[in-house]
Amino acid sequence: YRKNTPALHSGMLLQFIPKDGVYVYFRKSNDKTIMIILNQSGETRKLDLERYIEGIGSKSTGYDVLTERSFELKSTLDIIGKGILVLELK
């Protein structure tokens with residue numbers, strides 16, 4: 001996936017200051033937006049997605065390329081302790 005997704009290695013980078021042990025950043029190219037969420041905390045965290053609207057834009061779904069699960073990008077998103085999500089936004 002990494003080799004075939006130019007946004008991950010040459011796309012624009014948008015980072016957010018970590019909050020409660022969670023680091024979120026975006027990689028964007030003309031055709032893809034990837035949202036990476038890293039939870040360094042040992043506890044599940046609930047993300048307020050309004051904080052990341054600059055990166056999410058009008059996208060409504062995130063497809064986790066690691067687990068092949070889809071997430072609705074509504075108001076909040078849970079991430080397990082010590083977890084990572086690599087979401088391709090659609």
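How many positive and negative side chains does the protein have, and how far apart do the centres of the two sets lie? There are 14 positive side chains (Lys and Arg) and 11 negative ones (Asp and Glu), and the two centres lie 5 Å apart. His and the chain ends are not counted, and each charge is placed at NZ of Lys, CZ of Arg, CG of Asp or CD of Glu.

A word on the model: it is predicted, with local features needing pLDDT of at least 70 and side-chain atom pairs counting only at pLDDT 80 or more, while totals for chains, interfaces and linings use all residues. Residues are numbered from 1 along each chain as its sequence is written, and side-chain values use heavy atoms, leaving out hydrogens and water.

| Property | Value |
|---|---|
| C-alpha span along the principal axes | about 35 × 25 × 25 Å |
| Accessible surface (Shrake-Rupley, 1.4 Å probe) | about 5600 Å² |

Carbon and sulfur atoms account for 48% of that surface. Buried residues (under 20% relative accessible area, 1.4 Å probe, protein chains only) are 37% of the 90 residues.

Finally, a closer look at one hairpin. Strands β1 (residues 12–19) and β2 (residues 22–28) run antiparallel, joined by six bridges; pairing requires at least two DSSP bridges. Leucine 13 faces arginine 27 of β2. Two residues sit between the strands, and aspartate 20 has a positive phi near 55 degrees.

Note on methods
Buried means under 20% relative accessible area, exposed over 50%, partly exposed in between (1.4 Å probe, protein chains only). Helices (H or I, at least four residues) and strands (E, at least two) are DSSP runs, numbered from the N terminus.
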